[in-house]
Structures are given as structure tokens and as C-alpha cells.
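Student: I'm new to this one. Can you walk me through it?
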Amino acid sequence: MAGKLLSIGECMVELSQAGEGLLRKGFAGDTFNTAWYARACFPADWQIDYFTAVGDDPMSSDMLSMMNAAGIGTSLVIRIPGKTPGLYLITLKDGERTFSYWRDTAAAKKLADDADHLRAAIESADIVYFSGITLGILAPEAVDTLLSEARRAKAMGKMVVFDPNIRPRLWPSKEYMLKTIEDGARASSLALPSFDDEKVHFGDKDEQATVARYKALGVENVVVKNGPDGVTLAFGSEPVIHVPAVKVDKVIDTTSAGDSFNGGFLARLVEGGTPAEAAAHGAAVAARVICHHGALISPDLLPK
Ligand code: AMP
């Protein structure tokens, strides 16, 4: 059955070291990464659209061209005269990657300012996807707009998917961050948290505790990702199950592991797979992604 997935958030310009003082330009961002892997894994008759705001500068145009070339729809993207996209730089320090961000004035912070446009975009989709990073870049009024549209979509019976992706540096305070993440979960019908984040910020003692907490917020379906330890799934009233990760001999770069899992997971779910089959596919996709450098790997490298 054909349909449309709308992923909402911020895609940034990525600058990485290319040797001899040169920088390589790319584009990435959690919700965009998931759109990328969704496009690679979803049936061809599904439309994958990205929703964000960009500027009217050449870099914003490049970003949209890249999305279109990847088969990701951009017709709903807002263009704001005079604005530019956010940017981050990856540097290597003692073999560890460190990230520096320039995103305080990014156009994407305004993605929910036009409530009517946001509503129409969400109404056009069957699956709506957003994250804690999407919420973290928005002003409080824009958070309220996005969450009320997500709640409306959930009430309409759409699949509303939320990855909490907790990033403290985006938030003015821990209290507001945790409250807003919980509000994001309440607005969704499927939550895809990563246990590492939940343990640190909500103090969960194990994956079962994370499942119980999200269920108590009214999330019908919960998938807790836990790196090489696989995922714990609680779908509707079905018993909680565990699906192992795919073993990887040499992990090269875990950037985008969770985002790619989400894309592969949703793809198998819309094809009619069981949650366990969807999780196994998500794990297979993520296992390939972490064997390569960077957030986005070629669809040719992914499992079928
Ligand atoms: P995370 O968000 O770190 O929990 O990772 C998301 C998904 O990526 C996990 O559910 C695994 O399927 C996969 N993954 C992450 N790290 C590894 C690893 N070291 N080995 C195998 N799979 C992994």
C-alpha cells in the first residue's frame, strides 16, 4: 500500500577533515538521516518527504538538490529570505571525533512558525517522524505548535513516530528538556528511544524501565535501542520481546546508528513485517552503517 512518510527536523551542513587543511562538505542531521535510510529501504511507491526551513542562499539550494537527487521530496520545505542553514565541523582529537556547531541562527529553528503550513504538511502524510532534536532547536511557542499538530495527527490515527534523541546542549534547562521530551512521547504512537540516553537523563535502570516509562506516558508502541545489546520491543498489548543486534567485527563509526535503525525498522513495518522482523531489519541496516565513515552511506551498501 503506497503512502507518505514526512520527517520533520533540521538538516545541517557537515564539514569534515579532508587532509592538507581541506574540508569536505556534506549534509546530515538526525531526522534527515532517517529520511535517507527510509528512502533507501521503503517500497518505491512510498513517498519520503523532508520538512524543514532553509534559507535562500546557495548552500540551502545545494542541500535541497542533494535531497532531491536522493529521491527525498522537498516541496514542503520552507525557504526564508536572508537565512542560512546550520553547520557543524568534525575534528579529530586524539583519535576521537569532536563536533563544533554553528546553528543558533539556522533557518530550521523557524520550521514550525507557520502553523497552517505545518498542519497541511502533516495532514498530507501517513507517517509523521520527529525527534527530541527537532524539539530542542525550536522556541517554546514553536514546540507547542509542533506538538499540538503531532497530537492532532495521532488522534487522526496517523502513525506518529518520535525518537527522543536527548541532546542536553540544545536545551535551556534539564527540567524543560525532560518535560518536553515527555510531551513529545505523549504526542506519538511509536517511540524509538536509545537506552544510553534514557539511562543518563531519566535514570532508567534497564530497558524494561524505559519501556514502562514510555508506556505510562501513553505511547502504544515502544522500541528501546541498546547498541550491540539489541532492542527491546513492546508493541501494543503483545508481550515484551528482545531482538539481538547484528554482530559487527569492526565498528568504524557509530554516527547515525539509531537514525538508520529507525529508517530500516519503519520500512519493514509498512511492508507488513512483524515488529520483530522490522527490528531485525533495522539492526541489519544499522550494522552496515556503522562499518563505514559518516552519517549517510550509499543505499547500495545496505541489505535488501
Ligand atoms: P544505539 O542508538 O546506539 O542504541 O544503536 C542503534 C542500533 O544500532 C542498535 O539497536 C543496533 O542495532 C545498532 N548498533 C549500534 N551499535 C552497534 C554495535 N556495536 N554492534 C552492532 N550493532 C550496533
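Student: Where does the ligand sit?
Tutor: This is a predicted model, so keep that in mind. In the model, the ligand sits in the largest pocket.

Student: Which elements give two or more residues to the shell around the ligand?
Tutor: Helix 9 and helix 10, which spans 275-289. Helix 9 gives the most, with 3 residues.

Student: How many residues surround the ligand?
Tutor: There are 16. The closest are Ser194, Lys225, Gly227, Val246 and Ala286.

Student: What about serine 194, what does its side chain do there?
Tutor: A polar atom of that side chain lies 2.8 Å from an oxygen atom of the ligand. Backbone atoms come in too. A polar backbone atom of glycine 227 is 2.7 Å from a ligand oxygen. For asparagine 226, a polar backbone atom is 3.4 Å from an oxygen atom of the ligand.

Student: How much of the ligand does the protein bury?
Tutor: 85% of the 480 Å² that the ligand exposes when taken alone.

Student: New topic. Where is aspartate 253?
Tutor: In the loop between strand 14 (241-243) and helix 9 (257-270).

Student: Is aspartate 253 buried or exposed, and why?
Tutor: Buried, because its relative accessible area is 6%, and the cut-off for buried is under 20%.

Student: Which residues is aspartate 253 in contact with, leaving aside neighbours within four places in sequence?
Tutor: Arg97, Val289, Ile290, His292, His293 and Gly294.

Student: And what lies 2.8 Å from a polar atom of the aspartate 253 side chain?
Tutor: The backbone nitrogen of glycine 294.

Technical notes. Residues numbered from 1 in each chain as written. Predicted model: local features only at pLDDT ≥ 70, side-chain atom pairs only at ≥ 80, totals over all residues. Heavy atoms only, no water. Helix = DSSP H or I, 4+ residues; strand = E, 2+ residues; numbered from the N terminus. Buried < 20%, exposed > 50% of the residue type's maximum accessible area, 1.4 Å probe, protein only. Polar contact = N/O pair within 3.5 Å; in protein donor to acceptor, adjacent residues only side chain to side chain. Contact = heavy atoms within 4.5 Å. Near = heavy atom within 4 Å. Areas by Shrake-Rupley, 256 points an atom, 1.4 Å probe, with all protein chains shown as cover. 1 Å grid on protein atoms, 1.4 Å probe; cavity = no way out; pocket = protein on both sides within 12 Å on 5 of 7 lines; lining within 4 Å. Sits in = over half its atoms within 2 Å of the grid points.
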